[in-house]
Amino acid sequence: MNSASAISGLTVGIDIGGTKVLGGVVDTDGKILATYRKDTPKNGGQDLINVIIEVVKELQTKHQIAGIGVSTAGIVSADRKTVIAAGNIANWNDVALADALVKEFGLPAVVENDANAAIWAEFKFGNAKGLNPVMFFIIGTGMGGGLIIDGKLYRGAHGIGAEFGHMMVKLDGEKCGCGAIGCIETYASGSALMRYAHEEIASNLEKGKVLLNFGDGTLNGFTGQVLTKAAQAGDQLALSAFAKQSDWVGSAIASYTLLLDPEAIIIGGGVIDAGDIFLKPAIAAAEKYMPFAGKHPLPKIIAAKFGNDAGLVGAADLVRA
Ligand SMILES: [Zn+2]
């Protein structure tokens, strides 16, 4: 039942993150017909498998479904059956998730890395349609990556492929969540953006106060949304934090352009909420850092269509692929 045979009809997509399990019934056009959400259990592991089963069962009460696709943080085996490791979910290592779901429901099931699932949604139903090759940066707390070549999701030899966030850019740099040092994720992610903002506040206390007042006035209440709101209002420190992040993203665009010559790079994740405040300087930085500048066309840089539901929609379709 876990073979790659084409299936039709409605499928369920499940997106697993550090805080929530979001399930949805999705049709063949990528439209979400129903959703159901539960918190990610603290203990992860079997508790999390039980929550996934509960979510699928709830969605099954109203819809007949033909398969289950799961999008999860972390790395997944090349056969799309097993979660190998995930940093921010407890006991989520070497979990034979697809087999557990096949056994429970008697339906085809696949597991995919969340960034891979998200780019698949963009490729099938969103802003990456028809582009080849097309790369994806998903810039939220971390920096995920994905790559589609000739209409196929690139996974590499062992399923860990196209993790664009872990290119080393500074050998004596910041420690990354992956265990390595100086990955681009530690400079270009949403976490890095917040770090830059905190540095700006610490070195300009007076202007820092103005920035914090876009939120509740405290560092605790200072979120990514507050920072974005401040930047949109023209706050100098906020714009400076975005400029640093955009610069690193631009350098990554430049490096990967020569590595893969993509037709387009789609950028998704929370950072896209900042719109041109993020995208324009990122594109300018890509041009500034581009190797062989002016001698070759640049990839299109495009904001993703899907937001938080990308992983769910992509996973639901991947069980058909
Ligand atoms: Zn890393």
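This is a predicted model: local features need pLDDT of at least 70, side-chain atom pairs count only at pLDDT 80 or more; totals for chains, interfaces and linings use all residues.
Let's start with the layout. The chain is split into domain 1, covering 11–122 + 309–318, and domain 2, covering 130–189 + 238–303. Taken over C-alpha atoms, their centres are 26 Å apart. Where they meet, domain 1 brings 15 residues to the contact and domain 2 brings 19.

How much area do domain 1 and domain 2 bury between them? The figure is about 1,200 Å², with 66% of it on carbon and sulfur atoms.

Strand 5 (75–76), strand 7 (109–113) and helix 3 (114–125) each give at least two residues to the face of domain 1 that touches domain 2. Helix 3 gives the most, with six residues. If you like salt bridges, have a look at Glu 112 and Arg 155, which form one with their closest N and O atoms 2.6 Å apart.

On to the inside. The largest nonpolar core has 42 residues, and those touching the most other members include Phe 137, Phe 222 and Val 249. Helix 8 (residues 236–260) is the top contributor to this core, with eight residues. Apart from that core lies another one of 31 residues, among them Val 56 and Leu 101.

Finally, Phe 137: its contacts beyond four places in sequence include Met 143, Phe 164, Val 249, Tyr 256 and Ile 267.

Key:
Residues are numbered from 1 along each chain as its sequence is written. Side-chain values use heavy atoms; hydrogens and water are left out. A nonpolar core is a set of buried Ala, Val, Leu, Ile, Met, Phe, Trp, Tyr and Cys residues joined through side-chain atoms within 4.5 Å. Buried means under 20% relative accessible area, exposed over 50%, partly exposed in between (1.4 Å probe, protein chains only). Helices (H or I, at least four residues) and strands (E, at least two) are DSSP runs, numbered from the N terminus. Contact means heavy atoms within 4.5 Å. Domain bounds come from an automatic or database domain assignment. Buried area is the accessible area (1.4 Å probe) that two parts lose on being put together, summed over both. A salt bridge is a side-chain nitrogen of Lys or Arg within 4 Å of a carboxyl oxygen of Asp or Glu.
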